[in-house]
Amino acid sequence: MAPGAAAAGAASRSLKLFVGNIPWTVGHRELRNYFAQFGKVSWAQVIFDRRTGLSKGYGFVSYQKPSALENLDKKQKHVLEQSPIFYQQSD
């Protein structure tokens, strides 16, 4: 892929990410702090079960600039509190 093509593709993609396999010990702040190393985070939210108060193991992160997605994609493996996590762009 040509260098300019990656930037053009990132501009058209959503800046919101679904994040899965989040350890139950991770809260909103830890999620935001991890993803902030790749760019300015607009918001980060871990989803918790209303009944039990425990993490459901997934959440969402939103970036302000597409360049953050490029930085995120450069790293092959993402680990949060010794657990591999994954992400995908969402609408």
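This is a short talk on the fold, the packing and a few local details of one predicted chain.

Hi everyone, two housekeeping sentences before we start. This is a predicted model, so local features need pLDDT of at least 70 and side-chain atom pairs count only at pLDDT 80 or more, while totals for chains, interfaces and linings use all residues. Residues are numbered from 1 along each chain as its sequence is written, and side-chain values use heavy atoms, with hydrogens and water left out.

Let's begin with the overall layout. The chain has 3 helices and 5 strands, where helices (H or I, at least four residues) and strands (E, at least two) are DSSP runs numbered from the N terminus. Read from that end, the order is α-β-α-β-β-α-β-β. Of the 91 residues, 33% count as buried; for that word, and for its relatives, buried means under 20% relative accessible area, exposed over 50%, and partly exposed in between, with a 1.4 Å probe and protein chains only. The chain exposes about 5,800 Å², and carbon and sulfur atoms supply 52% of that area; accessible areas come from the Shrake-Rupley method with a 1.4 Å probe, and for residues only the protein chains shown count as cover.

Now, the strands. Which strands pair with β3? One is β1, residues 16-20, which pairs with β3 in the antiparallel sense over 5 bridges. Another is β2, residues 41-48, also antiparallel to β3, over 6 bridges. Pairing here requires that DSSP finds at least two bridges between the strands. For landmarks, Val19 has Gly59 in β3 as its bridge partner, and Phe48 stands opposite Ser55 in β3. β2 and β3 form a hairpin with 6 residues between them, and Gly53 in the turn has a positive phi of about 80 degrees. β3 itself, residues 55-63, is mostly covered, with 7 of its 9 residues buried.

On to the helices. As a reminder, an α-helix has 3.6 residues a turn, so residues three or four places apart point the same way.

Next, the rings. Rings of Phe, Tyr and Trp (its six-membered ring) pair if their centres lie within 6.5 Å; planes under 30 degrees apart count as stacked, over 60 as edge-to-face and the rest as tilted. By this rule the count comes to 6 aromatic pairs. Take Tyr34 and Phe38: their ring centres are 5.7 Å apart and their planes are at 65 degrees, so the pair is edge-to-face. Tyr34 is buried, at a relative accessible area of 8%, and Phe38 is buried at 8%. Elsewhere, ring pairs link Phe18, Tyr58, Phe60 and Phe86 into a cluster. The charged end of Lys16 sits over the ring of Phe60, 4.9 Å from its centre; the test is NZ of Lys or CZ of Arg within 6 Å of the ring centre and within 35 degrees of the ring normal.

Finally, some loops. Lys65 is in the loop between β3 and α3 and counts as exposed at 56% relative accessibility. Its C-alpha atom is separated by 7.4 Å from that of Gly39, 26 residues apart along the chain.

Most residues other than glycine have a negative phi, and most peptide bonds are trans. In the loop between β4 and β5, Glu81 has a positive phi of about 50 degrees although it is not a glycine. Gln82, in the loop between β4 and β5, has a positive phi of about 65 degrees and is not a glycine either. Is Gln82 buried or exposed? At 75% relative accessibility, Gln82 counts as exposed, whereas Glu81, at 36%, counts as partly exposed.
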